[in-house]
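User: Could you walk me through reading this structure, one feature at a time?
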Amino acid sequence: MEKKPQRLEKETEVSYLQELFKNNNVAVLTNYRSITVSEDVRLRRQLREAEVEYLVAKNTLIKLACHANDQQALDPYLEGPTAVAFSQDPVTVAKLLMNFIKEAKKTEVKAGLLANKLISAAEVEALAKLPAREVLLAQVVGMFQAPLAGFAGVTSGILRQLVIVTDRVREQKAAVSA
């Protein structure tokens with residue numbers, strides 16, 4: 001018996017969602033209510049530029065995709081219009097969504113998954129307050145470089161003192177032999 005085109009379409013969407021949940025570090029559910037077309041276009045553009053996959057899907061399809069990945073934590077949040085943002089960088093997606101929510105004042109974060117662990121809307125907001133990935137990496141590099149720079153400063157000071165002492169010894173020997 002051949003499957004109906006509508007059923008095939010739904011199965012394809014579920015498999016696509018399943019892959020997105022499996023292959024991304026973070027997934028954030030938002031309430032997709034009362035957003036105008038121009039706001040939606042602006043949000044999608046910002047997310048696309050940051051390499052965030054964002055889509056509106058039926059809750060039953062999202063639930064099927066989550067259950068296929070043995071993930072039921074999002075079930076209580078799958079009510080009403082839902083959009084999902086998928087990304088590898090949790091801070092970037094949180095910042096973009098929270099900035100949009102602050103500007104538009106029309107939607108909200110429901111919950112999310114970070115490394116397959118449920119995170120609340122408050123935790124998504126906390127992620128948005130973290131510095132960007134590049135800044136965090138620069139801070140880590142700076143922490144590694146600080147002791148090395150201190151060590152280089154101390155060793156150059158010791159070498160400078162050694163040069164001064166040997167120069168004075170040479171001057172004293174030259175004065176005695178003269």
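Analyst: Happy to; we go from the overall fold to single residues.
This is a predicted model, where local features need pLDDT of at least 70, side-chain atom pairs count only at pLDDT 80 or more, and totals for chains, interfaces and linings use all residues. Residues are numbered from 1 along each chain as its sequence is written, and side-chain values use heavy atoms, with hydrogens and water left out.

User: How many helices and strands does the protein chain have?
Analyst: Helices (H or I, at least four residues) and strands (E, at least two) are DSSP runs, numbered from the N terminus. Here the protein chain has 6 helices and 5 strands, and along the sequence they follow the pattern α-β-α-β-α-β-α-β-β-α-α.

User: Is the protein chain spread out or a compact globule?
Analyst: The radius of gyration is taken over C-alpha atoms, and the globule rule is 2.2 Å times the number of residues to the power 0.38. For 178 residues that rule gives 16 Å, whereas the protein chain has a radius of gyration of 29 Å, so it is more spread out than a compact globule. Along the principal axes, its C-alpha atoms fill a box of roughly 110 × 40 × 25 Å.

User: What share of the residues is buried, and what do the contacts look like?
Analyst: Buried means under 20% relative accessible area, exposed over 50%, and partly exposed in between (1.4 Å probe, protein chains only). In the protein chain, 31% of the 178 residues are buried. Contact means heavy atoms within 4.5 Å. Of the contacts with a separation of 6 or more, 79% are between residues 24 or more positions apart.

User: How should I read an aromatic pair?
Analyst: A pair of aromatic rings is described by the distance of the centres and the angle of the planes. Rings of Phe, Tyr and Trp (its six-membered ring) pair if their centres lie within 6.5 Å; planes under 30 degrees apart count as stacked, over 60 as edge-to-face and the rest as tilted. The structure holds 1 aromatic pair. In that pair, Phe 21 and Phe 86 sit edge-to-face, at 4.9 Å centre to centre with 90° between the planes. The pair links distant parts of the chain, 65 residues apart: Phe 21 is in helix H1 (residues 5-23) and Phe 86 in strand E3 (residues 82-87).

User: Which residues does Val 52 touch?
Analyst: Val 52 lies in the loop between H2 and E2 and is buried, at 7% relative accessibility. Not counting residues up to four places away in sequence, Val 52 touches Leu 47, Ala 85, Phe 86, Ser 87 and Val 93. Its C-alpha lies 8.6 Å from that of Asp 89, 37 residues apart in sequence.

User: And what does Asp 40 contact?
Analyst: Asp 40 is in helix H2 and counts as buried, with a relative accessible area of 12%. Leaving aside neighbours within four places in sequence, Asp 40 is in contact with Tyr 32, Ile 35 and Tyr 54.
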